[in-house]
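User: Could you pick one part of this model and walk me through it closely? I'd like to hear how its residues sit among their neighbours.

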Amino acid sequence: MATQQEETSVADTYEELESRVERLTNITAGAGVLRWDQEVMMPEGGTPARAKQLSTLSSLSHEELTDPEMGDLLDELEAADLDEAQSAVVREIRRKYDRATSVPTELVEEISETTANAHPVWTEAKEEDDFETFAPTLETLIEQKREYAEHIDPDADPYAVLFAEYEPYLDLETAERVLERLRDELVPLIEAIGESDVELGGAFDGTFDPETQEELSRDVLDTVGYDWDRGRLDTAPHPFSTGTQFDARVTTRFDEEDLLGSITSTVHEFGHANYTLGLPDEGYGTPLGESRDLTVHESQSRLWENHVGRSEAFWECFLPTAAERFPALDDVSAREAYEAANQVYDDNLIRTEADELTYHMHIIVRFEIERDLISGDLDVEDVPEVWNDKYEEYLGVRPETDAEGCLQDIHWSHGSFGYFPTYSLGSVLAAQLYAAAEDEVGDIDAQVREGAFDELNGWLRENIHRHGATYTTPDLVEEATGEGYTADYFIDYATEKYGRLYDLDGY
């Protein structure tokens with residue numbers, strides 16, 4: 001049994017660790033605001049200074065995390081008798097510390113500056129439809145990320161090391177297994193849909209004023225319960241959300257010919273922000289107040305976007321509001337809106353505009369290409385051709401431009417290799433969580449139809465959000481649903497939903 005003096009010593013040590021981690025969190029959060037500003041509001045000429053600002057903050061963060069005294073504190077606490085919350089904090093900081101101490105500060109600074117400068121290069125390349133403009137930057141990022149992975153674990157698959165940056169507790173083999181199952185199960189379903197005589201869509205044909213779309217996006221956020229006191233809505237070329245439980249911001253984009261896209265994008269980003277806002281205030285500054293990595297984060301955005309925002313119940317609730325903004329929708333029924341929101345496209349090239357099913361083929365293309373880039377099995381100069389070949393093979397459509405092909409996503413300019421699988425992993429988890437929530441709170445569709453989201457959100461707050469990073473991903477899923485992570489619920493949900501929509505035999 002520990003003496004009172006030993007308990008006091010442990011308490012002091014833990015308090016010192018918390019103090020250091022909170023400082024680290026504040027540096028990281030400050031850099032996040034600068035990145036938000038760069039993508040939303042910063043004048044075009046601000047990039048050179050912003051790159052140096054972000055590089056400096058990245059360096060400070062790295063130095064804070066890798067301070068030898070941080071290691072000493074972790075060593076002492078790992079040998080102490082801690083409660084569950086304290087043990088979780090030590091576990092999470094140890095993981096970050098071990099990875100960070102493996103990487104030289106100079107390389108961290110180089111990667112930060114390269115990614116800051118990469119954003120305008122990618123933007124220009126996409127606008128000019130010229131992959132060659134971006135290729136040298138991409139090559140540099142790949143080389144830097146390979147070096148980064150080698151420092152962390154020279155004996156491991158470098159892509160597995162990078163994947164663990166975004167999802168440390170579901171291994172790459174699990175991701176590959178899930179993606180393979182999705183490909184095996186969804187491709188026949190998508191082919192059957194293509195052969196079906198049922199035609200959906202048309203409800204949102206026409207042009208829609210972007211300024212009014214923004215007003216409608218605010219209506220959407222009002223409907224689902226976004227906390228405007230701790231958030232805001234802006235536009236960005238690639239929608240994203242960012243922030244803390246005190247300030248979680250949403251961005252979306254508007255296309256006058258794609259009203260539905262702005263709505264689903266807004267609901268998707270709300271799901272991310274809603275998770276962030278649901279993290280415990282008292283946990284801020286430690287992993288207890290941080291999200292549980294990207295599979296869980298994506299599960300929240302995909303749950304709200306697909307299980308709520310694409311449901312018939314949601315359109316029964318929200319369509320009258322949409323028709324107030326756009327009288328052209330007066331003659332559209334909730335059923336027609338629901339069908340249009342779930343139309344499966346046979347010619348969609350853009351991931352963020354993809355339907356719920358073909359979306360995963362987009363993920364598989366990116367996953368396979370970036371794995372080959374990191375392993376050295378694919379040269380950067382060959383990316384456009386390989387990209388187009390894979391789209392033709394998996395989706396039956398071939399991009400005509402780099403802008404709608406390999407330049408469509410911003411993530412590679414962030415150096416985010418290993419990120420893409422979490423989109424599909426999150427979609428799979430969303431179905432599992434939604435089923436578990438419905439088992440406990442009853443008919444969610446009936447609640448959504450009435451514009452009542454409190455019970456669903458309360459379940460998510462209780463079973464996911466409030467835990468922060470206390471549990472590992474597998475343990476969190478087990479705690480929330482009573483079983484291990486599985487793709488069964490997503491496959492059942494997708495085949496039943498789309499089998500009915502497209503009147504498919506055998507589904």
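## Around the annotated site

Analyst: Let's start with His272, which touches Ser241, His297, Glu298 and Ser301, if you skip residues up to four places away in sequence; contact here means heavy atoms within 4.5 Å. A word on the ground rules: this is a predicted model, where local features need pLDDT of at least 70, side-chain atom pairs count only at pLDDT 80 or more, and totals for chains, interfaces and linings use all residues. Residues are numbered from 1 along each chain as its sequence is written, and side-chain values use heavy atoms, with hydrogens and water left out.

Why begin with His272? UniProt, in an unreviewed entry, puts a "binding site" at His268, His272 and Glu298; its positions follow the numbering used here, feature names are shortened, and annotations may be inferred rather than shown by experiment. The three span 31 residues of sequence yet cluster in space, with a largest C-alpha distance of 9.0 Å.

His272 sits in helix α10, residues 259-278 (helices are DSSP runs of H or I, at least four residues, numbered from the N terminus). With 9% relative accessibility, His272 counts as buried, and buried means under 20% relative accessible area with a 1.4 Å probe, protein chains only.

Glu298 comes from another stretch, helix α11 (residues 293-308). Beyond its neighbours within four places in sequence, Glu298 contacts both histidines of the site, His268 and His272, along with Tyr419, Thr422, Tyr423 and Gly426.

Now for the "active site": the UniProt record, again an unreviewed entry, lists Glu269. Glu269 is in helix α10, and at 6% relative accessibility it counts as buried. Setting aside neighbours within four places, Glu269 is in contact with Pro239, Phe240, Ser241, Val250 and Thr251. Ser241 turns up among the contacts of His272 as well.

What packs on α10 from elsewhere? One answer is helix α13: its buried residues pack against α10, α12 (312-325) and α20 (488-501). In α13, which covers residues 334-341, the buried residues are Ala334, Ala337, Tyr338, Ala340 and Ala341. Looking down the axis of α13, they fall within an arc of 165°, so they line one face of the helix; that arc is taken from the directions from the helix axis to the C-beta atoms. As background, an α-helix has 3.6 residues a turn, so residues three or four places apart point the same way.

Terms used: Helices (H or I, at least four residues) and strands (E, at least two) are DSSP runs, numbered from the N terminus. Buried means under 20% relative accessible area, exposed over 50%, partly exposed in between (1.4 Å probe, protein chains only).
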